[in-house]
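Please keep the sequence and the coordinates at hand while reading.

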Amino acid sequence: MCPSREDKMSAFDQAVRSDLTRLEDIRAGSLGASVEFARASIARETRIAPGTLENIKRQRTKGVRGWIADTIRGALVRELHREITRLNHELEMLLQRGVDHREPEMAEVQSLIARARKSLEAVK
């Protein structure tokens, strides 16, 4: 039986891959774009080559460098902060419109804020 790629990856590499996946998903959702477009945006922001990010995602690395992991982690933290700020703004707009706190829209925004804060705490 041949070991899978997951078995060959270190726990560190898997954690970096997980952070990158979360970062791409959040960025793609906030931009309303594809993951590939989000990856290009992340590459510009972090100054990590898009091919390097692609290789991390596809597990085609011999090991992720520490500075790359730190850069991805920092970008994820910044993205979560932006998401929380955006959601808080949306909550304020709902409150200004006079939406009742029992409305499903209000509950959804509040749950998204709580989930983003929980994710941020898990990342730190």
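Glutamate 79 is buried, with a relative accessible area of 3%. The model is a predicted one, and this residue is found in helix H5. Leaving aside residues up to four places away in sequence, glutamate 79 touches Leu23, Ile26, Arg27 and Ser30.

The mean pLDDT of the chain is 89, and 94% of its residues reach 70 or more. Confidence is lowest in helix H1 (residues 5-8), where the mean is 56, and highest in H3, where it is 95.

Helix H2 covers residues 11-31, 21 residues in total. From its first C-alpha to its last it reaches 30 Å, close to the 30 Å expected at 1.5 Å a residue. Just after H2, glycine 32 takes a positive phi of about 65 degrees.

Helix H3 can be read in a similar manner. Its 12 residues should span 16 Å at 1.5 Å a residue, and its end C-alpha atoms are 16 Å apart, which agrees. Ala38, Arg39, Ser41, Ile42, Ala43 and Thr46 are buried in H3, and the buried residues of this helix pack against H2, H4 and H5. Just after H3, arginine 47 takes a positive phi of about 60 degrees.

The nonpolar residues now come into view. In soluble globular proteins, nonpolar side chains tend to be buried together. Here the largest nonpolar core has 20 residues, of which Val16, Leu53, Ile56, Val64, Ile68 and Ile72 touch the most other members. The elements that give two or more residues to this core are H2, H3, H4, H5 and helix H6 (104-123). H5 supplies the largest share, 8 residues. Isoleucine 72 illustrates the contacts: not counting residues up to four places away in sequence, it touches Val16, Asp19, Leu20, Leu23, Ile48, Leu53 and Ile56. Apart from this core lies another, of 7 residues, among them Leu87, Leu94, Met106 and Val109.

The charged side chains complete the picture. Side chains of opposite charge can pair when their charged atoms come close. A search of the whole structure finds 14 salt bridges. One of them joins glutamate 54 to arginine 39, with the closest N and O atoms 2.5 Å apart. Glutamate 54 lies in helix H4 (residues 50-57) and arginine 39 in helix H3 (residues 35-46), so this pair ties together parts that are 15 residues apart in sequence. Glutamate 54 is buried, at a relative accessible area of 17%, and arginine 39 is buried as well, at 9%.

Which other residue forms a salt bridge with glutamate 54? The partner is arginine 58, the closest N and O atoms being 2.1 Å apart. Arginine 58 is partly exposed, with a relative accessible area of 48%. These pairs belong to a network of salt bridges that links Glu24, Arg39, Glu54, Lys57 and Arg58.

Glutamate 83 is buried, with a relative accessible area of 17%, whereas arginine 86 is partly exposed, with one of 39%.

How values were computed: Residues are numbered from 1 along each chain as its sequence is written. This is a predicted model: local features need pLDDT of at least 70, side-chain atom pairs count only at pLDDT 80 or more; totals for chains, interfaces and linings use all residues. Side-chain values use heavy atoms; hydrogens and water are left out. A salt bridge is a side-chain nitrogen of Lys or Arg within 4 Å of a carboxyl oxygen of Asp or Glu. Helices (H or I, at least four residues) and strands (E, at least two) are DSSP runs, numbered from the N terminus. Buried means under 20% relative accessible area, exposed over 50%, partly exposed in between (1.4 Å probe, protein chains only). The expected span of a helix is 1.5 Å times one less than its number of residues. A nonpolar core is a set of buried Ala, Val, Leu, Ile, Met, Phe, Trp, Tyr and Cys residues joined through side-chain atoms within 4.5 Å. Contact means heavy atoms within 4.5 Å. pLDDT is the predictor's confidence in each residue, from 0 to 100.
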